[in-house]
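Open the model in your viewer and keep the selection panel at hand. We will go stop by stop.

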Amino acid sequence: MSGKVKACYACQRNGRTRLGEPCLKTYPLECVDLLRRARVAFQAGRTLKENFRLAQLEAVVRMLEEHECDFVDALGRDLHKPRFETVMSELLLVKNEALYAISNLKKWMQPQHVERNLSTTLDQCLVVNEPLGVVFIVGTWSSPVQMCLVPLVGAIAAGNCAIINPSECTYHTSELLHHLIPLYLDNECFHVILAGVSDLPEVVELKFDHVFFTGNREEGNRIAQAAARTLTPVTLILGGKNPCYVDCQCDIATTAQRLAWARFHNAGQSLVAPDYILCHADVKARLVQALKCCLMQFYGPDPRESRSFGRMVNLEIFNRTRDMLWRSGKVAMGGQVIEAEKYIAPTILTDVAESDPIMQQDVFGPVLPVLTVNNEDEAIAFINKQEKPLCVYAYSNNSKVISRLMSETSSGSFCSNDSILQSLMVALPFGGVGASGTGSYHGRYSFDTFSHRKSCLLRGTRFECVTYLRYPPYEDRNLSLMTWASTLSQKSQGWCQIL
Amino acid sequence: MSREQLAVQRARKSFQTGNTKPLEYRIHQLNSLLRFITERRRDIADAVKRDLGKSEHGTELFETLGLEGEIKLAVEKLAEWAAPRPVERNLLTISDEVYVQPEPLGVVLIIGAWNYPWAVTLQPLVGAIAAGNAAVIKPSEVSSHSAKAMEDLLPQYLDKDLYPVVTGGVAETQELLKQRFDHIFYTGSNTVGKLVMEAAARHLTPVTLELGGKSPCYIDKNCDITVACRRVTWGKFVNCGQTCIAPDYILCEPSIQSRVVEEIKKNIKEFYTDNPKTFEDYGRIVNQRHFKRVMSLMEGSTVAVGGDSDESQCYIAPTVLKDVTGESKVMKEEIFGPLLPIITVSGVEEAIQFINEREKPLVIYVFSHNKKLIKRVIAETSSGALLANDCLVHFTVSALPFGGVGNSGMGCYHGRHSFDQLSHLRSCLIKQLKMEGVNSMRYPPHTAKKLGWARFLLLKQVNVCRLRRMALLAMLAGLAAFVVQRFLR
């Protein structure tokens with residue numbers, strides 16, 4: 001365990017963090033202590049009562065309300081995020097989840113009675129929801145507050161203790177969470193740590209009861225392997241290239257507006273934004289023109305001056321996006337970059353080939369490549385050649401086209417004629433499939449992710465006269481009696497339970 | 001290219017043709033599987049007899065009866081399970097279609113176990129077929145006769161490319177695990193479970209692990225001890241103790257220990273006669289390695305009943321061990337054999353503590369008349385499942401999710417849960433390109449007014465039903481006012 005050194009590797013080289021603050025990085029050794037405290041608190045039964053969980057959820061809501069300006073400020077400094085986006089996509093979203101959990105908690109905590117059958121008619125068959133224990137939540141930098149706190153809401157509702165690790169890339173937001181959470185939530189049950197990305201597998205191996213990770217595929221892979229070594233169940237929300245098919249038959253103006261908003265909010269740094277567009281050559285020119293108009297409308301002639309447009313989170317992402325931009329296709333609009341500000345203008349690329357760098361990795365920046373296909377068959381074939389993404393989008397007035405895009409591709413989620421909204425709804429499970437992740441959350445699904453559904457069958461010791469049929473010595477007569485009874489109860493209840 | 005690679009590749013190609021999408025195809029395959037079980041009853045029973053010494057009745061009771069039930073349930077309910085599942089909408093999506101659509105995952109790997117070679121390998125297959133996947137089936141090599149029978153006979157009933165059976169030992173399994181699957185379903189030991197999960201993690205493949213553990217059985221002094229012991233005896237010695245959900249050890253108060261031992265002894269005699277060795281309905285340990293392992297667990301404990309064995313036949317008599325403590329050798333690992341240790345505790349408090357000091361098991365058994373006590377055990381312990389006043393039978397209720405937690409596994413199956421576990425539940429939001437006015441508040445340039453609207457529309461959790469009810473009420477109120485005005489002047 002690397003517990004002796006006081007500052008992380010990057011800080012050692014510079015003395016302090018890039019912005020001059022002291023290094024707050026947490027080490028696996030400190031995590032051991034926090035994990036122990038959380039386990040003790042869990043075993044004492046603190047988180048089990050409904051009142052405790054409600055109080056903690058209400059505290060989360062209060063924290064977001066009372067410190068709205070602090071969050072806006074922190075996210076402004078990390079990502080140049082406009083107030084509107086912070087409030088809407090970070091704070092309101094978490095508040096929504098918390099309020100939804102608060103109003104449904106009683107219902108979720110109730111045991112569910114399940115269908116019984118011939119022999120269990122006199123018994124109680126139920127499924128009880130129990131907390132898993134201590135869970136580990138790792139957030140990502142593109143939506144730093146939402147990605148940590150929405151799973152936390154689920155973990156609290158399900159009665160767990162949790163250790164949260166906000167991303168080290170959004171330093172101010174992580175610092176803020178590290179400072180605020182102990183002021184609002186129970187200090188023994190919930191802890192915030194600031195472990196570096198390279199230390200995460202080591203932290204996972206300390207043994208949690210569930211690991212919830214949001215991030216990119218390589219990191220996700222390392223976390224999954226560390227979790228496998230300790231038999232820890234995981235939920236992984238990973239990135240991917242979300243395709244977006246724009247059909248010939250669609251209202252180009254509205255499509256362009258919705259697309260532009262989805263792609264360029266948060267300066268393109270989103271897991272669920274459409275990554276690239278597939279459209280017919282005829283549509284391309286009109287679409288690009290319409291997109292240009294929208295961008296002008298949204299951000300004005302110089303997006304750098306606009307308060308509604310963000311910046312890249314750090315130089316690494318900036319460089320990566322800039323390189324992709326410069327080495328792929330042709331710039332149809334935008335393309336300006338300013339390193340000092342980590343600014344990349346909203347950019348649309350055309351004449352992009354499948355082999356270009358921008359099509360080989362996830363785009364985490366305000367760059368939208370437009371590729372041409374001849375028809376929806378080609379679009380579907382193209383999409384299916386890639387790894388399964390988090391989302392597939394399709395814009396069309398023709399419901400048959402939408403139907404085809406949906407049924408012939410696979411992705412975490414699907415949305416037609418809009419983007420991102422399906423990932424904001426509290427009633428829909430949000431998650432990936434295949435390379436874009438496993439598991440899902442939001443609303444009731446968060447509660448289920450962090451719960452164990454324990455089957456309980458409560459019988460009596462009477463009616464032994466019926467039960468005797470199952471005991472050895474096995475006789476033909478007994479077996480045929482049971483088989484007959486089994487066909488009786490099979491009408492819609494599975495098989496015979498005279499056993 | 002290795003045999004395993006080829007099988008997986010063919011399965012994937014076959015899956016990609018989209019043949020498994022239509023429900024009729026899946027139902028056809030499920031019905032073929034059902035035919036297989038009914039037509040080849042003899043071959044299956046034969047194979048199990050040679051693997052585990054189980055009688056034909058025993059096989060039918062524990063392997064095929066359950067399987068038949070699962071298949072029939074899946075065939076009957078498939079349309080309901082595979083249909084889109086609508087969800088509640090909010091103000092913003094009030095005019096849209098919002099639902100969750102179950103979809104097949106792709107190619108699933110099912111690794112079976114040797115203790116119930118047919119039930120444990122084919123029940124997940126039912127879920128895989130129902131969900132529209134292709135599946136590579138890897139039966140355990142330890143139950144070699146069943147594996148051979150599966151390899152020879154299954155392709156005569158199911159599609160050879162979509163559902164190949166791959167037999168082999170450790171090397172073949174490792175080769176299989178190198179391939180990429182869309183889900184891996186493993187039943188077996190903890191050690192191998194970790195290896196399977198690690199191999200899966202390399203491809204980011206989700207897993208369902210049905211592992212083992214030591215399932216405790218608490219017998220309260222306030223219960224019908226005769227019936228309790230009869231059920232425990234049955235649960236323990238079925239399949240010679242080689243059941244993942246068998247009661248592993250008993251916890252009871254010292255005052256009833258001798259009565260418990262007496263009752264169990266009586267029941268063993270009743271079920272398996274004075275000489276279980278010659279009795280048809282009593283099985284054998286699967287192989288020499290496990291025989292030696294189980295025999296060595298007896299070291300250091302007092303034998304109260306049974307204890308005799310015959311290495312040449314891998315026979316171990318139904319055995320009860322008493323005055324066992326937490327430190328005894330038999331308490332160090334899952335027994336998976338016909339040894340039943342009894343540990344004395346001062347009451348339910350100590351029993352709960354004892355259970356909680358150990359890893360979470362697959363199931364906890366409690367025998368008691370006292371409902372409060374049972375509720376207490378449910379609330380203060382954690383396990384895959386909890387069964388009060390009986391053993392094993394929760395396995396047969398398809399509506400109950402069957403699976404472990406913590407060290408005893410992850411994921412669950414049976415009935416609809418198999419279908420859900422092996423499907424991808426995809427969120428779908430179908431919108432129109434109309435009503436752009438509503439959307440305009442989210443577009444930049446951002447103003448405080450837009451933010452206000454957004455807060456209102458997003459934050460108010462609107463129940464569509466409630467809205468309708470309110471609208472109806474308002475209409476009725478209007479109508480009432482009209483009536484009052486018009487007629488009751």
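**Stop 1: a strand pair in chain B**

Select strand β2 (residues 97-104) of chain B and β19(B): 8 bridges join them, and the two run antiparallel. Strands here are DSSP runs (E, at least two residues), helices are runs of H or I with at least four, and both are numbered from the N terminus. Two strands count as paired if DSSP finds at least two bridges between them. Click V100(B); its bridge partner in β19(B) is S427(B).

A note before moving on. This is a predicted model: local features need pLDDT of at least 70, side-chain atom pairs count only at pLDDT 80 or more, and totals for chains, interfaces and linings use all residues. Residues are numbered from 1 along each chain as its sequence is written, chains are lettered from A and ligands numbered from 1 in the order in which they are written, and side-chain values use heavy atoms, with hydrogens and water left out.

**Stop 2: across to chain A**

Pick F414(A) and find its bridge partner in β19(B), C428(B).

**Stop 3: the interface**

Show both chains. The contact (heavy atoms within 4.5 Å) takes 110 residues from chain A and 106 residues from chain B. About 9300 Å² is buried between them, 62% of it from carbon and sulfur atoms. That area is the accessible area (1.4 Å probe) that two parts lose on being put together, summed over both.

Which side chain of chain A meets R442(B) in a salt bridge? Select D418(A): the N to O distance is 2.8 Å. A salt bridge puts a side-chain nitrogen of Lys or Arg within 4 Å of a carboxyl oxygen of Asp or Glu. The count between chain A and chain B is 4 salt bridges. Next, colour helix α5 (residues 83-109) of chain A, which gives 9 residues, the largest share of the side of chain A that touches chain B.

**Stop 4: an enclosed strand**

Select strand β7 (residues 234-238) of chain A. 5 of its 5 residues are buried, so the strand is largely enclosed by the rest of the structure. Buried means under 20% relative accessible area, exposed over 50%, partly exposed in between (1.4 Å probe, protein chains only). V234(A), L236(A) and L238(A) lie on one side, T235(A) and I237(A) on the other.
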